[in-house]
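Student: Hi! Could you walk me through this one while I look at it?

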Amino acid sequence: MKLGVNIDHVAVLREARRVNDPEILQALFVACKSGADQITIHLREDRRHIQDVDVQNILKHSSLPVNLECSINREILDIVCELKPHRVTLVPEKREEVTTEGGLDVFRYEDEIKYAIEQLHDSLIPVSLFVDPTIEAMQKSKELGAEIVELHTGAFANLFAMLNSSLPHSNHSVKELELPRYELSSRLEKAIDNIQKSAAYAKNIGLEVAAGHGLNYHNVSCMMGIKEITELNIGQSIVARAVFSGLATAVKDMKKLTTR
């Protein structure tokens, strides 16, 4: 299992005070030295964390492949094609969201996604689509020309947290999931089953399979038994642990958990 370490949240801390501390390149170097297999960053349209110059510097100095997440906005795509990261993952994006709320709608935005993939391929950049774990989304991703799918694990992660953590007793409880434990358990089993079936189908039709969103030190074990998933992209939980243990230790701890 390859571990992609998303360092966006280091930039979130930096932008909170609008100073160059913590330094994003220092995070890059620590992650590279501590067991990451890939660096993942998201260049958002609103530039709320990663900036254009960050992408330039990370691509210049990273000893690992860089997976750049971005929307299908044409202005962003033009910038990305000039920067030429090792891979682009196309993701949905809304200005008002706190974080990505679901997978890219490959049916509603079929034409825009197809154009984006063609543009990126013209620049010799492989493309991953960040999609919900459904058979239909796997089929459409293949039809559109993506080489990789990254399964959005947010629904799974929310169910796991509501069942197995203090989340229900916090201000961030997921209101629609304030359900009896037996119902949460049943839904969690179904969410894992959806991920397993989608991963198997995607692999069978020739797609590489990654997964990410909401994965942490407690729930990542559920992904390890799905042999078709060969890459996990994890950020917030690693940076959160780093507050207490340091980034090097946080990356090493996650790498141990994602080694088969």
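Predicted model: local features only at pLDDT ≥ 70, side-chain atom pairs only at ≥ 80, totals over all residues.

Student: What is the bridge partner of Val149 in S7?

Tutor: Val149 has Val209 as its bridge partner there.

Student: And what do the 8 strands close into?

Tutor: They close into a barrel, in the order S1-S2-S3-S4-S5-S6-S7-S8, and the pairing is parallel. From one strand to the next, the twist averages 25 degrees.

Student: Okay, how many bridges are there between S3 and S4?

Tutor: Strand S3 (residues 66-70) pairs with S4 over 4 bridges, in the parallel sense. For Cys70, the bridge partner in S4 is Leu90.

Student: Which way do the residues of S4 point, and are they buried or exposed?

Tutor: In strand S4 (residues 87-90), Arg87 and Thr89 point one way, while Val88 and Leu90 point the other way. All of them are buried.

Student: Switching to helices: at what angle do H4 and H5 pack?

Tutor: Helix H4 (residues 74-83) and helix H5 (residues 110-122) pack at about 15 degrees, and their axes are 10 Å apart. Angles under 35 degrees count as roughly parallel, so H4 and H5 are roughly parallel to each other. Their crossing is right-handed.

Student: Which residues meet there?

Tutor: From H4, Arg74, Leu77, Asp78, Val80 and Cys81 meet Tyr115, Ala116, Gln119 and Leu120 of H5. The residues of this contact divide into 6 nonpolar, 1 polar and 2 charged.

Definitions and conventions. Residues numbered from 1 in each chain as written. Heavy atoms only, no water. Axes fitted to C-alpha atoms, helices over the stretch in contact; angles between N-to-C directions. Helix = DSSP H or I, 4+ residues; strand = E, 2+ residues; numbered from the N terminus. Parallel < 35°, antiparallel > 145°, perpendicular 65-115°, else oblique. Left-handed = near helix turned anticlockwise from the far one by under 90°. Contact = heavy atoms within 4.5 Å. Nonpolar A, V, L, I, M, F, W, Y, C, P; charged D, E, K, R; others polar. Buried < 20%, exposed > 50% of the residue type's maximum accessible area, 1.4 Å probe, protein only. Pairing = 2+ DSSP bridges.
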